[in-house]
Amino acid sequence: MIAAKKRIVSGMRSTGKLHLGHYFGVLTNWVKLQNEYDAFYFIADWHALTTKYNNTANLREDVQNVALDWLATGIDPDKSTIYLQSLVPETAELHIYLSMITPQNWVERDPTLKDMTKILRTQGATDNSITYGLLGYPVLMTADIITFNVDYVPVGIDQVAHIEISRDIIRRFNNLYKVEYFKEPKPLLTDIPLLKGIDGNKMGKSFNNDIKISDDEETTQKKIMKTITDRERIKRDDPGHPENCEVTYQYWKIFGTEEEVKQIESDCRGAKLGCTDCKKCLAKKVNEYFAPIRETRLEYAKKPEVVKEILIEGSKKARIEAKKVFEGAKEAVGMYF
Ligand code: TRP
Ligand code: SF4
C-alpha cells in the first residue's frame, strides 16, 4: 500500500505584488513541496485585513496579484490545493473556538506581533488603529493550520514564533477537551538565508528596498544598480572585497553559476571589474532568470477569469476537507449540533 502523503498548509497575506524575498524564501520551497506533500496553499485575505481594514480599495487587486505571482512561479493547481482564505468559512468558525481557549497573555507576548505593531506605529498607527483582529493574528493562523489538521507548515524563519504559539494553542485544545484530535504541526524551513533588500536591510515591501517578481527589465536593472556593494571600495582602481560586498555579491551567489561567481570574485579583488559593470552583468542575469516567469505571469494576467476560477475551484476542494475536520472539532468541544 502506498502511504498517504503528509499534509502541509501555508499562506501568504495578500498585500500586493510579491518580491524576491517571498520567491526565494518561500515560493521555491512550496513549488518543490507540492510534489511530495498533500499541499494546501492559501491567500490570506483575512490576515491582510488585520492591518489593512481601513484601506480596502486594493483588496481584490492584491489577491489577484498574489495569485498571479504564485501561478507564474509554478505553484500548480493540479498538484496542490490553492485557495482563498475567506472562501473557507470553516476556518473562521474554528477561529471562534480557538479564541475562547487562547489565554490573552499568549497573544500579547507574541514577538512577531510586537514587531508588526512597532512597524505600524512608525507608520502612524495609534492605539485605536491596533485592533482586536490584529491581536488575534496567531489565533487565526492556528485556525488556518487546524482547518486541515496538517503535519507541517512550510514558512520562512520570520513566522516560526507564530507557529510556536499555534502549537501551544493546539495542545491546549487537545488537553482541555481530552482529545488527541489535532496534530501539533512543525514548521518546515527553507535553508535559503533571508534575502537582503537592495539597501542591505531585510527585503520588505514597506521598506522600499525590494525587487518584485513582476518588475520589468528596466525597473529591475535600475534597482540592481542601487544595490549596496563593498562600502570601502571608493575608486574604480581600489581592489574590492566580495565578502564585504553586502548585497551585489550576495545576489551573484544566487543568480550566477559557480564559475561566474569565481570570476567575479577574482576580478573584483584584482580591481579588474568595476562595481558598475558588475551590477550591469548581474541585472542581466536576474532578468534572464525571471524572463520565463514574467512571461507566464503576463499570460495569466490576460485571463483574469481563469485565475478566478482556479481560486474558486481550489477553495471548493479545500472546503470538502475542512468540513470533515471541522465536525470533529465541534464534537470535541461538546457543541449541541
Ligand atoms: N502570517 C503569514 C505571513 O505573514 C501568513 C499566514 C497566515 C500563514 N496564516 C498562516 C502561514 C498559516 C502559515 C500558516 O506570511
Ligand atoms: Fe561587489 Fe561586484 Fe563591486 Fe566587487 S565588483 S565590490 S562584487 S559590486
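These legends describe close-up views of a predicted model. Local features need pLDDT of at least 70, side-chain atom pairs count only at pLDDT 80 or more, and totals for chains, interfaces and linings use all residues. Residues are numbered from 1 along each chain as its sequence is written, and side-chain values use heavy atoms, without hydrogens and water.

**View 1. Strand E2 is joined to strands E1 and E3.**
Strands (E, at least two residues) and helices (H or I, at least four) are DSSP runs, numbered from the N terminus. Two strands pair if DSSP finds at least two bridges between them. E1 (residues 7-13) runs parallel to E2, with 7 bridges. Gly11 has Phe42 of E2 as its bridge partner. E2 also pairs with E3 (residues 81-84) in the parallel sense, over 4 bridges. Here Phe42 stands opposite Tyr83.

**View 2. Strand E2 is largely enclosed.**
Buried means under 20% relative accessible area, exposed over 50%, and partly exposed in between (1.4 Å probe, protein chains only).

**View 3. Lys178 has a positive phi.**
Its phi is near 50°, and Lys178 is not a glycine. Most residues other than glycine have a negative phi. Lys178 lies in the loop between H9 and strand E5 (186-189). Lys178 counts as exposed because its relative accessibility is 74%.

**View 4. Ala271 also has a positive phi, of about 55°.**
Ala271 sits in the loop between helices H12 (258-269) and H13 (275-301). Ala271 is buried, because its relative accessible area is 17%.

Definitions and conventions
Chains lettered and ligands numbered in written order.
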